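Me: I would like to learn how to read aromatic contacts and a metal site from coordinates. Could we work through one case?

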Amino acid sequence: MIRVNHRIAEKEVSAVISSVSAAADRCEDMTSEEAVTHLTSLVSRLQGLKRKLEEGSKVEALQAQRCRARLEHLESANADNLNEWNDTRLKRILVDYMLRMSYYDSAVKLAESSNIQDLVDLDAFLEAKKIIDSLHNKEVASALAWCAENRSRLKKAKSKFEFQLRLQEFIELVRAGSTLPAIEYSRKYLAPWGATHMKELQRVMATLAFRSTTECEIYKVLFEAKQWDYLVEQFKQEFCRLFGMTLEPLLNIYLQAGLSALKTPFCYEEDCPKEDPLSQEGFRKLAAQLPFSKQHHSKLVCYITKELMDSENPPLVLPNGYVYSAKALEEMAKKNDGRVTCPRTGDVCNYTELVKAFIS
Amino acid sequence: MDLNTIKDAFDRVAKKQKLSSTTTQDVVDKVIQEIESVVRKMQSIDDDADSTDQKVLFSELRSKLNEIAPMQQLEASQKELHIGLSKYSKLLEKYFNPDISKAYRHVDFDISTLNQIIATHFYRQGLFDLGDCLVNDAADPSAAEAVAALKSSFLDMYRILNAMKTGNLEAALSWAATNSERLLQNESTLELKLHQLQFVEILRNGSKNEALTYARKYLAPFASVHEDEIQKLMGCLLWAGRLDQSPYANDESISQTSTYRNKITEELTQQFCSLLGQSNESPLTVAITAGVQGLPTLLKLATVMAATKKQEWQTMKQLPVPVDLGREFQFHSIFVCPVLREQGSEENPPMLMPCGHVISKQSIVKLSKSSSRPFKCPYCPLEANVSQCRQIHF
Ligand SMILES: [Zn+2]
């Protein structure tokens, strides 16, 4: 953005200057009226530039504000507001998911209601939406314009998206039976890619011979409507890469990591506590294909109090083999004249019958 | 590297950017001024005047413009900006670059399931518009159907909570009465607390008789179990209309500060979720927070595995290393046999030895040479027979 603005400014200013010197060179041939008109036109040209620059610097300021807001947001993470920060992070992740899924209304609503517009990329995605929509309508113009706008960065990333767009445009010409324009088009727009993508180029050129009604499998697919869906996918990928975003929604990445870290064989048992996300059908379904977590050391949680059992609160074994924390059983015994009841089997025993278990 | 370095770099870029755009605009302004002044001069010259005047003016303009040297100025400011900018982006890359998608396994989450989870997440926060909007955007009627029941339950909950906020306890009381049994099973005294709130509210307004009627009808049933509480409440009758002067003025259940009211609101939310079979925290929040904690470990692992065992990352049944999460994510007892260093299972359960130490069944089989003879505990000097060891359940 900054660079584009600057280039426009440079071009305009130098054009005006050379125009002035040109005029100076041939001013003898001009009437003063002509000279005035000429200069006035230069002035209005410069004023146009000025407007553009002002607009541009407004956009720049907005972008800078966004960067700053994000940095400040990162910086604001500390122990005191951890909950709030985590909440904002989840919202950011959800907005990101919605944008990638093209749930724009939800994304805008969530971002606005939680006042995090500066922390998410609404504009960029709305811009992308236009391009995606036009690709769905089988139009490449806006996608090509986007390629032109980002040419140097796409080139650096060795992107062939523009080539793919051109190929599709060529295919559409062949489909329409416009052989000559198709050849013309390929000379102008496809040939430059020949050096790097000769194979694909040749395959597409061959369609000139086969036409859109071909039954030959490798050419037939080129004419299928799903090629446009493929372009949409391709565009989404290029877009994410250009913005330094992951290809997958953040939600999927974090959710996958979290579910994998939480997943134990016990999550799938009937008495899985409801605080465990994996006690719910939906989360179980999502985690089905993920690996289980691993532990190197025992981690024991009291079935009754959900507290950790360790040397402070040691595990006690009932005669029936079930284990609960000392805290829980002591309390139970106090309330019931020294008797404890196993909540899982209903067995009753005396507190004195319990034995301590040592787990290293 | 810390965030301040980045912030400094960013500030520099931002400053240069501002500077550069002011410079550009200044240059353009100056050029405009010069040209305009020449235009004015020309207009003041008579038409039939010598064209040399015009020539002079033009060459003056040219040299003036050269003096402003707009191109050089533009270039210089831009160059500085670019240096700053590229430094900044390099810093950013260094700091943020760990591509978190490396730890991603290519499995497709079922989108409908995911949307149901998100919609429910919004509903339970009372963000019904958002939940509906998402279901709408997803154009997924089956998801909408799947979350409909929970949505209406949460609508009920927020109806009760919102009424409570305006001081109207009726909905809350009627809900608590309907679920009286189940609340008691949860060892919650919410119903009593709500009646208490209502009773004190009546007293505060000074109506002693009304309060007494209320107490007879609603508080009496609790008297046997909550004797102390009820006595205190009845004692309050003496201070009807001037509770703040009563000996209970500092008792939070009587003075009913907003903190106390919030506490009760929170307890109602918890109990409502619990009776719905829902967790207290949003499970989506829990899973994502766990993900944020676990991701760094997974990333390291993925980086190591990318070099040697890329295929395994996609197929492994269990992570090869532990991912440490906070205590709040520990929902299950995991027993790891200290001898075998393996997680216990149905086939290889934890066994308690007579000395009190716990190892896995397989370890005992090994130590006792297939249960054939007594063995020494690996952790203390005591000996044990296989018959003395018994399976335990955490
Ligand atoms: Zn021992």
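What follows takes ring pairs, charges over rings and a metal site in turn.

Reply: Keep in mind that this is a predicted model.

Me: How many aromatic pairs are there over all chains?

Reply: The count is 14 aromatic pairs over all chains.

Me: Are the rings of A:Tyr185 and A:Tyr189 stacked, tilted or edge-to-face?

Reply: Planes under 30 degrees apart count as stacked, over 60 as edge-to-face and the rest as tilted. The planes of A:Tyr185 and A:Tyr189 stand at 50°, with the ring centres 4.8 Å apart, so this pair is tilted. Both residues belong to helix α9 of chain A (residues 179–190), four residues apart, about one turn of the helix.

Me: Is A:Tyr185 buried or exposed? And what about A:Tyr189?

Reply: Buried means under 20% relative accessible area, exposed over 50%, and partly exposed in between. A:Tyr185 has 10% and is therefore buried, whereas A:Tyr189 has 28% and is partly exposed.

Me: How does the pair of B:Trp175 and B:Phe272 read?

Reply: Their planes are at 20° and their centres 5.2 Å apart, so the pair is stacked. B:Trp175 lies in helix α7 of chain B (residues 170–178) and B:Phe272 in helix α13 of chain B (residues 258–275), so the contact ties together parts 97 residues apart in sequence. B:Trp175 is buried at 12% relative accessible area, and B:Phe272 is buried at 7%.

Me: Which residues form one aromatic cluster?

Reply: A:Phe125, A:Trp146, A:Phe161, A:Phe235 and A:Phe239 do.

Me: Where does the charged end of A:Arg166 sit?

Reply: It sits over the ring of A:Tyr189, 4.0 Å from the ring centre. The charged end of A:Arg344 sits over the ring of A:Tyr303, 4.2 Å from its centre.

Me: Now the metal. Which atoms coordinate the zinc ion?

Reply: The donors are SG of B:Cys355, ND1 of B:His357, SG of B:Cys377 and SG of B:Cys380, at 2.1 to 2.3 Å. Along the sequence these donor residues follow the spacing C-x1-H-x19-C-x2-C. B:Cys355 is in the loop between β3 (350–352) and β4 (358–360) of chain B, and B:Cys380 in the loop between β5 (375–376) and β6 (383–384) of chain B, so the two tie together parts 25 residues apart in sequence. Both count as buried, B:Cys355 at 17% relative accessibility and B:Cys380 at 15%.

Me: Why is the arrangement around the zinc ion tetrahedral?

Reply: Ideal angles at a metal are 109.5 degrees for four tetrahedral donors. Here the four donor atoms subtend angles of 105 to 112°, which makes the arrangement tetrahedral.

Note on methods
Residues numbered from 1 in each chain as written. Chains lettered and ligands numbered in written order. Predicted model: local features only at pLDDT ≥ 70, side-chain atom pairs only at ≥ 80, totals over all residues. Heavy atoms only, no water. Phe/Tyr/Trp six-rings, centres within 6.5 Å; stacked < 30°, edge-to-face > 60°. Buried < 20%, exposed > 50% of the residue type's maximum accessible area, 1.4 Å probe, protein only. Lys NZ or Arg CZ within 6 Å of the ring centre and 35° of its normal. Donors = N, O, S within 2.8 Å, 3.2 Å for Na, K, Ca; no water. Tetrahedral: all angles 85-135°; square planar, octahedral: opposite > 155°, others 65-115°.
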